[in-house]
Amino acid sequence: MDIVKGNMGWIEVIVGPMFSGKSEELIRRLRRAEIARQRVQIFKPAIDRRYSSNGIVSHSGLEIASELVADGAEILEKVQARTEVVGVDEAQFLGESLLDSCTRLADLGKRVIVAGLDTDFMGRPFEPMPRLLVVSEEITKLLAICARCGNPAVHTQRLVASEELIVVGAGGMYEARCRRCFESQLAAEKIEEEKKLQANSKAASG
Ligand code: ADP
Ligand code: ZN
């Protein structure tokens, strides 16, 4: 954002797969706002308590304090009138109400910075992020490094057997993969494997 006159607000979105540096970039922008003595409020979904219950933590260990919310609507309730900058991490877990909250906050003249996954473990659009991109002023798409081959990674590979959309975790459960190494059906295949193993062990013991 170069020219901004009056008290115009706007929406900045940071997307990419896991390990691409979204939290790092969000924390960097929020810290700079704090250094500029702007009033900052930071939110993350209550389901994401991977490393810390009350802060946003990057995989590289950067940390910033945050408030927990159940959904996007709760952000609108919690933002104070005097707040100038609103930061949100892991926004893909906050549901459709995130769109309305971000739009209203930007309309009120606030700078809204939102980070989240744009695709899920099968490579499908992860709502509400794709729709947030449409209403935002600025988009930053980050890439990770493919854990298999070192190429730029656009995907989040789930390594464990689960077809649930939301399985919160980091260590060993997910890795970044490039478009060549990404296996969209891997989680589903693992479930089939487990079912076969269980059936075999039942047959063996019975
Ligand atoms: P995100 O919020 O997108 O999941 P983070 O900001 O939490 O990403 O973490 C980014 C950091 O993770 C990198 O700076 C690096 O230190 C570390 N990292 C671990 N694995 C990878 C990988 N495969 N590709 C890139 N960075 C990685
Ligand atoms: Zn690869």
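Reader: Where is Phe 19 found?

Author: Phe 19 is found in the loop between β1 (10–15) and α1. This is a predicted model, so keep that in mind as we go. Phe 19 has a positive phi of about 75°, although it is not a glycine.

Reader: Is Phe 19 buried or exposed?

Author: The general idea is to count neighbours: a residue is buried if 20 or more other C-beta atoms lie within 10 Å of its own. Phe 19 has 21 such atoms within 10 Å, so it is buried.

Reader: Which loop holds Glu 90?

Author: Glu 90 sits in the loop between β6 (85–88) and α3 (97–107). Glu 90 also has a positive phi, of about 50°, without being a glycine. With 22 other C-beta atoms within 10 Å, Glu 90 is buried.

Reader: What is the peptide bond from Glu 127 to Pro 128 like?

Author: Here the angle to read is omega: the bond is cis, with omega near 10°. Pro 128 belongs to the loop between β7 (111–116) and α4 (129–135).

Reader: Now the ligand. Which residues come nearest to ligand 1?

Author: Start with the shell of residues around the ligand, then ask what supplies it. Of the 15 residues around ligand 1, Lys 22, Ser 23, Glu 24, Ser 58 and His 59 come nearest. The largest share of the shell, three residues, comes from α1. Both α1 (22–35) and β9 (144–145) supply at least two residues each.

Reader: How many of the shell residues are nonpolar, polar and charged?

Author: The shell around ligand 1 has six nonpolar, seven polar and two charged residues.

Technical notes: Residues are numbered from 1 along each chain as its sequence is written. Chains are lettered from A and ligands numbered from 1 in the order in which they are written. This is a predicted model: local features need pLDDT of at least 70, side-chain atom pairs count only at pLDDT 80 or more; totals for chains, interfaces and linings use all residues. A residue is near a molecule or strand if its C-beta atom, placed from the backbone, lies within 6 Å of it. Helices (H or I, at least four residues) and strands (E, at least two) are DSSP runs, numbered from the N terminus. Ala, Val, Leu, Ile, Met, Phe, Trp, Tyr, Cys and Pro count as nonpolar, Asp, Glu, Lys and Arg as charged, and the others, Gly among them, as polar. A residue is buried if 20 or more other C-beta atoms lie within 10 Å of its own, exposed if 12 or fewer, and partly exposed in between; C-beta atoms are placed from the backbone.
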